[in-house]
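Let's take a walk through a protein together. Have a look at the sequence and the model, and then we'll start from the inside.

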Amino acid sequence: MPGERAEDRAVLRIGGADRDKFLHGLVTRDVGGPGSGLVYSAILTPQGKYLADFFLLNRGDDVLLDVKAEIAPKLAQRLSMYKLRADVTIADSGLGVVRGLGAAPEGACADPRDAALGWRGYGMEGGDPAIDWDRLRVAGCIPETGIELIPEDTYILEAGFDRLSGVDHRKGCYVGQEVTARMKHKTELRKGLATVEVDGTAPVGTEIFAGERSVGTLYTQAGGQGIAYLRFDRAGGDMRAGDAKVTWTSA
């Protein structure tokens, strides 16, 4: 089995002569050229807050956009709003997503967020899911669409997009770029995602307390660890999320 099917993903096809220029003015990373591999990127609100994250693959004649299936229709609608008179088409590609670990088969691309996440391929055969992707995500503090990444609420720098190669501060303007640049160059992040040790379990979204003070929120948990959104100046010591004990060691 070369890899496993990612049943929760959809792949849009962005076509038309203006496709690269169109995407460049909207998303947080350059699209890249044919043969450059996968690009991890996002689209933001004008206020700089997250709307959707996705992978882009420039195939020369079109660009594939690999996104969480549940938000694909809204993302396609959002992209269409910006299209205006540009020569751009947006359609369901009909392709499935296969992902796996180890040696990548021909035509697959490395996941650009973290080497531990292996590779992704499009339009190839795959088997049933068997890999504990949540455990890999949690260990690498890699956020997931709709869990740690919350539309119109999350700031991508607090979610680690610098570390995940999800934003390019040297590219031209894109929607939400001014706010993102200001956070990068003029402020010190006081809040953000971090991997924590978890003794026990708690529902995703459980508030974390240090004593009587709220210091963050606990999200995905696997393998005795979790991804938490923390107030860095308050977090530490004996913390709890519901019945679970939470421990964080600052970097």
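Which residues does Ile 156 touch, not counting residues up to four places away in sequence? This is a predicted model, and in it Ile 156 touches Thr 28, Leu 44, Tyr 50, Phe 161, Val 167 and Thr 180. Ile 156 is also part of the largest nonpolar core, which has 30 residues; along with Tyr 122 and Phe 161, Ile 156 touches the most other members. Strands E3 and E4 and helix H3 each give two or more residues to this core. There's a second, separate core too, with 24 residues including Leu 23, Leu 26, Val 67 and Val 175. In soluble globular proteins, nonpolar side chains tend to be buried together.

Now find helix H4, residues 177-186. Its buried residues are Gln 177, Val 179, Thr 180 and Met 183, and strand E3 is part of what covers them.

Charged side chains get their own story: the structure holds 16 salt bridges. In one of them, Arg 9 meets Asp 66 at 2.8 Å, N to O. Arg 9 sits in strand E2 and Asp 66 in strand E5, so this pair ties together parts that are 57 residues apart in sequence. Both Arg 9 and Asp 66 are buried. Asp 66 also meets Arg 120 in a salt bridge, at 2.9 Å. Because Arg 120 lies in strand E9, that pair links parts 54 residues apart in sequence. Follow the shared partners and you get one network: Arg 9, Asp 66, Asp 111, Arg 113 and Arg 120.

How values were computed:
Residues numbered from 1 in each chain as written. Predicted model: local features only at pLDDT ≥ 70, side-chain atom pairs only at ≥ 80, totals over all residues. Heavy atoms only, no water. Buried < 20%, exposed > 50% of the residue type's maximum accessible area, 1.4 Å probe, protein only. Helix = DSSP H or I, 4+ residues; strand = E, 2+ residues; numbered from the N terminus. Contact = heavy atoms within 4.5 Å. Core = buried A, V, L, I, M, F, W, Y, C linked by side-chain atoms within 4.5 Å. Salt bridge = Lys/Arg side-chain N within 4 Å of Asp/Glu carboxyl O.
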